[in-house]
Amino acid sequence: MTTTAAAFGAATTAVLGEPKVEIGRYQGLRSANSLALTGGRHVTLFPASSRSSSLIRAVSTPAKPETATKRSKVEIFKEQSNFIRYPLNEEILTDAPNINEAATQLIKFHGSYQQYNRDERGGRSYSFMLRTKNPCGKVSNQLYLTMDDLADQFGIGTLRLTTRQTFQLHGVLKKDLKTVMSSIIRSMGSTLGACGDLNRNVLAPAAPLVRKDYLFAQQTAENIAAMLTPQSGFYYDVWVDGEQFLTAEPPEVTKARNDNSNGKNFTDSPEPIYGTQFLPRKFKIAVTVPTDNSVDILTNDIGVVVVTDDKGEPQGFNIYVGGGMGRTHRIETTFARLAEPLGYVPKEDILKAIKSIVEVQRDFGRRDDRKYSRMKYLISEWGIEKFRREVEDNYYQKKFEPSRTLPEWEFKSYLGWHEQGDGSLFCGLHVDNGRIGGKMKKTLREVISKYNLSIRLTPNQNIILCDIRNAWKRPITTTLAQAGLLHPRYVDPLNQTAMACPAFPLCPLAITEAERGIPDILKRVRAVFEKVGLKYNESVVIRVTGCPNGCARPYMAELGLVGDGPNSYQIWLGGTPNQTSIAKSFMNKVKVQDLEKVFEPLFYNWKRKRQAKESFGDFTIRMGFEKLQELVDKWEGPEVAPTRYNLKLFADKETYEAVDELAKLQDKSAHQLAMEVIRNFVASQQNGKSE
């Protein structure tokens, strides 16, 4: 990698574009043990106390060699880890139920988080969550059955489908980690890079449609994932004692990874793209086709959209950059952000373009304060024009073409039965919050095993059964229905688009409930719908998270609930059904038992005052939060609709006032009490006649 004054994050004072606030100066990455070598390269030599005193580390040239640059603790752990091996390789062999702080950070790169059961008191019961890496959500028959077995043998008996098209396996004990990891690897699965400071799972539409654009998008996602997969072998060294399980990759992937025409590769490193320090934080990429926003394209660090000609032949890609959901309560310099257009590239340049963007984030993203390390903060600080120039001039070494015009986005769930386009069918199944357990788990295994099906996981925590013959449709439908896996017309529309993160009891970041709380919340929303007169087929996108990190992407929801205290939520409004607008914070610290006090006036006024086909999210933005807050503050319940036959109940004012006084004692309106009295009287008369 050639020396640049700005390598690894040299930055000026950051003035963010949204919101307009100032955060501290970051001056780049500097190693205390870096030495200048010939050719302008810097390497790091480990002191004698490290794992190997002769091990050479490739790091970048510091921006200001005379000034020690602050780095986060995680950056030091990475530097001293022998490419994400030490001390994890030793910690997993001890008798303790947990691992130390450095190993806890490093195991994330291997696809695992250390957790403990927060419901238990009097001590910590440690376990590990494992997350697979499945580009496009593709899961082979063998891998699915292996994960199903592992959940029963070493987990908590359930599988969790994530919002990034992967599995999560909870409750694995440290002593079983190597067995579980090696089982996944030997079933041609992987957890490598599912967590940690590198490229995460690459999303793509899960639908197994045999169409040129969908197939091209999925192949591109797989190629990007392969190009950005770590190469230094640490994963296999730790979990299968160095045994390699390699699959063939297209030659264009190898070529793109090793291409050093811009001088930005670490040529003497086993990690040509990542070096010793990998990326400043997690990095998320999604690929899709026009109109299909099943992947929440604008929430990613990089969004890639296939562009085709009039005949449906892929020609190139629109690229969007700078999306991200995570934020921190009460720190306004952190925020959720939508990706914005960077430009268009021809299809043969997509890997070079993606690699160039990743390299810019690697070299300029902040490494001193992890709250600000995502690429969205770099782009907010620089502005899209400066970011584009840096990528074009020093990395991609080409100009981006203007973005191509695209049609409107739609959210596509792919639930129910569909033609694949090759004579087979696929069946999308709704899974509440992505949690597969009990009878559902047993039945899915039975069907997937019996018919030798492959599957796809969706970004909405659902599952798709693929390659089904027409003759199998009826028996499969019957079997699934008996386990509660129903055709979407039998699933509440609110549930179909809702998502929640796991939160309690195992997530260490959770502030309040999400997955365990959302079933009751959705039932209460449905009850409010009925109370204010909204129809069953009317719906809003509801997402719930237990903390502000935004794993279930609540900031894109029409109604987002973000945990901000014990049994309380911050309420976000204003997302759209097709996930193209970001929500805004409406109210803080709303206790879970008080949610109806907010829901009722909002949904009642949406019912009465919306424009034709106006979604709830669009309605809240048009009305404005000041007006909505006024409606909530003054809410006394729905106005009583006139009776069906427009009968006048009160002939004089005195009678009305008398009934009204009695009604208030029962927390009712005069109309409600009068109708109740009349109905009871009529019923008693009818009963008397029948006797």
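Colleague: How many residues line the second largest pocket, and which of them lie nearest its centre?

Modeller: Bear in mind that this is a predicted model. The second largest pocket has a lining of 33 residues, and those nearest its centre are Ser190, Ala226, Thr229, Tyr236 and Thr247. Two or more lining residues come from each of strand S8 (138–139), helix H6 (212–227) and helix H7 (234–239), with H6 giving the largest share, five residues. The space in this pocket comes to about 990 Å³.

Colleague: What is the division of that lining into nonpolar, polar and charged residues?

Modeller: The lining of the second largest pocket holds 16 nonpolar, 12 polar and five charged residues.

Colleague: How do you know what span to expect of H6, and which of its residues are buried?

Modeller: The expected span is 1.5 Å times one less than the number of residues; H6, with 16 residues, reaches 22 Å from its first C-alpha to its last, which is close to the expected 22 Å. The buried residues of H6 are Asp213, Tyr214, Ala217, Gln218, Thr220, Ala221, Asn223, Ile224, Ala225 and Met227.

Colleague: Why is the contact of lysine 73 with glutamate 101 called a salt bridge?

Modeller: The cut-off is a side-chain nitrogen of Lys or Arg within 4 Å of a carboxyl oxygen of Asp or Glu, and the closest N and O atoms of lysine 73 and glutamate 101 are 3.1 Å apart, so the pair qualifies. Lysine 73 belongs to helix H1 (residues 73–79) and glutamate 101 to helix H3 (residues 101–106), so the contact ties together parts 28 residues apart in sequence. Both ends count as partly exposed, since that class lies between 20% and 50%, with lysine 73 at 48% and glutamate 101 at 46%. A search of the whole structure finds 44 salt bridges.

Colleague: Which parts does the salt bridge of glutamate 538 with arginine 610 tie together?

Modeller: In this salt bridge the closest N and O atoms are 2.6 Å apart. Glutamate 538 sits in the loop between helix H15 (518–532) and strand S21 (542–545), and arginine 610 in the loop between helix H16 (595–609) and helix H17 (616–623), so parts 72 residues apart in sequence are tied together. Glutamate 538, at 16%, is buried, and arginine 610, at 25%, is partly exposed.

Colleague: Why do S8 and strand S15 (416–419) stand at the edges of their sheet?

Modeller: The open sheet has five strands in the order S8-S18-S19-S16-S15, with antiparallel pairing. S8 and S15 each have a single partner strand, so one side of each is left without a neighbour in the sheet.

Colleague: How do you know that strand S16 (residues 425–429) pairs with strand S19 (residues 463–468)?

Modeller: Pairing needs at least two bridges, and four join S16 to S19, so these antiparallel strands count as paired. Leucine 425, for example, has isoleucine 468 in S19 as its bridge partner.

Key:
Residues numbered from 1 in each chain as written. Predicted model: local features only at pLDDT ≥ 70, side-chain atom pairs only at ≥ 80, totals over all residues. Heavy atoms only, no water. 1 Å grid on protein atoms, 1.4 Å probe; cavity = no way out; pocket = protein on both sides within 12 Å on 5 of 7 lines; lining within 4 Å. Points joined across faces, edges and corners; volume = space filled by probe spheres on them. Nonpolar A, V, L, I, M, F, W, Y, C, P; charged D, E, K, R; others polar. Buried < 20%, exposed > 50% of the residue type's maximum accessible area, 1.4 Å probe, protein only.
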